[in-house]
Amino acid sequence: MPDLFYISPDDAPAKQRILQDGLRLFARHGLSAVSIRDIAAATGYSNPALYKHFKTKDALALTLF
């Protein structure tokens, strides 16, 4: 994995994947056009798995941006 400032080596693998795919989707489609379901589908994780790491889509975006 490339050295990405927003991903800590201590982050769980699921959180790392959510951050990577979330950023990719936000960059491609824009924040307002991406839903938690979109991110869940891209990562292969369920909506509750995403909420385990980020309370909201906005919380994920704040971590990334």
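Me: Asp21, buried or exposed?
Reply: Asp21 counts as buried because its relative accessibility is 10% (buried is under 20% relative accessible area, exposed over 50%, partly exposed in between, with a 1.4 Å probe and protein chains only). This is a predicted model, where local features need pLDDT of at least 70, side-chain atom pairs count only at pLDDT 80 or more, and totals for chains, interfaces and linings use all residues. Residues are numbered from 1 along each chain as its sequence is written, and side-chain values use heavy atoms, without hydrogens and water.

Me: Where does Asp21 sit?
Reply: In helix α1 (helices are DSSP runs of H or I, at least four residues, numbered from the N terminus).

Me: And what does Asp21 touch, beyond four places in sequence?
Reply: Ala42 and Thr43 are in contact with Asp21, meaning heavy atoms within 4.5 Å.

Me: Which residues of α2 meet α1?
Reply: Asp38, Ile39, Ala42 and Thr43. On the α1 side are Arg17, Ile18, Asp21, Gly22, Arg24, Leu25 and Phe26.

Me: How do the axes of α1 and α2 cross?
Reply: At roughly 120°, coming within 9 Å (axes are lines fitted to C-alpha atoms over the stretch in contact, with angles from 0 to 180 degrees between N-to-C directions).

Me: Changing topic, what about the largest nonpolar core?
Reply: It has 15 residues, and Ile18, Phe26 and Leu60 are among those with the most contacts inside it. Such a core joins buried Ala, Val, Leu, Ile, Met, Phe, Trp, Tyr and Cys through side-chain atoms within 4.5 Å.

Me: Which helices supply at least two residues each?
Reply: α1 (13-29), α2 (36-43) and α4 (57-64). The largest share, 4 residues, comes from α1.

Me: What is Leu60 in contact with, leaving aside neighbours within four places?
Reply: Ile18, Leu19, Gly22, Phe26, Ile39 and Phe54.
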